[in-house]
Amino acid sequence: MKSTKILAGIFLSIISAVSVAKESYPFIIPNPPGSTSDAIARSMANIYSRKTGNTLVVQNAPGGNHIPAAVKLLNLNSPGIIMTTTVMMVFNPVNQKNLPYNPNDFDHVGGISFNPVVWLTRTGSQYSNMADVVNVLPNSKRPLVAFATNVELVNLVLLANKNNWPENLVQSVRYKGTPEVVQAIMTGEIDVGVVSNAPIVSSQLGAGRIKLLGTTVPSGLTIGNVSVPSVQSLIAVEQYTGGTFLALNKQFSPSAATKLKNDLYEILQDPEFVQELQKLHQIPFDNKGTNKTVIEFFEQYRNTVSKLNLNLQ
């Protein structure tokens, strides 16, 4: 009888341990430590751990147009999650030959945030608004526009096509990143730039060195105390914004995938996380509790980029 009780106790202990077993998933990020997306991921992981007791283990896989991160997730033999991007799900499928993945290989969860794109010039330039960019820039002595990413180039080309600018009438110059573009604007090297919003934009705007002409955000944008109208509302030109998103690999059971998605949706709506996104100059994505919105966004964006027929290497 005593041995039976001991065995029963051991059995119950095992059952109890199994019932409280915690889940741990790799969370692959396509950018390096210290980047905005890395900060977003670590904030998500902290909130997820606090809310669920489970763990998201952030693993950085930067470089290579975000291809290594996608391949790393798909090569896992166990459940995993990835932060996807516009580069990974829009530009690579359109422009890369022999891409080692397909957007349909992923179980898309939803969007995290958008990084707004703004059109800017230096204070005191001849460009007062987006109408001047359309009408004055092509006729200036040096029709140059600075940009850093493919998202920004797409917006420039959309504006040029809408206004029937002849090819090469306006020259675009690629820089390494937003800080380099802003610096070129302030030194007079370039007159107009289209860049992703970043801390340097708000700081130089506050210092009175640059002027914002418009944003890709359809509802407009407020940076500091400055309201920035949408380009679409000003000159009726379609514009796009890059962003970060979430997806799972297909190693999850249906019930585990559903539970994790629900947990992630809850985090995306958490006030603490939304505040963190705002600190990082991001705009929360409106998922409405479904992955349909983000899938439609990818498809529409890929369709637009395909029609532009750009070399986006």
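Predicted model: local features only at pLDDT ≥ 70, side-chain atom pairs only at ≥ 80, totals over all residues.
Local features need pLDDT of at least 70 and side-chain atom pairs count only at pLDDT 80 or more, while totals for chains, interfaces and linings use all residues. Residues are numbered from 1 along each chain as its sequence is written, and side-chain values use heavy atoms, with hydrogens and water left out.

Let's start with the pocket (on a 1 Å grid over the protein atoms alone, an open set of points where a 1.4 Å probe fits, with protein on both sides within 12 Å along at least five of seven lines). The largest pocket has a volume of about 1,000 Å³, a volume being the space filled by probe spheres set on the grid points, which are joined across faces, edges and corners. Its lining holds 37 residues, and Asn31, His66, Asn115, Thr149 and Ser196 lie nearest the centre; lining residues have an atom within 4 Å of a point.

Now to the salt bridges (a side-chain nitrogen of Lys or Arg within 4 Å of a carboxyl oxygen of Asp or Glu). The whole structure has eight, among them these:

| Pair | Closest N to O |
|---|---|
| Asp270 and Lys51 | 3.2 Å |
| Asp191 and Arg122 | 2.7 Å |

Asp38 is buried at 5% relative accessible area, whereas Arg42 is partly exposed at 35% (buried is under 20%, exposed over 50%, partly exposed in between, with a 1.4 Å probe and protein chains only). Both Asp191 and Arg122 are buried. Finally, Lys51, Glu266 and Asp270 are linked in a salt-bridge network.
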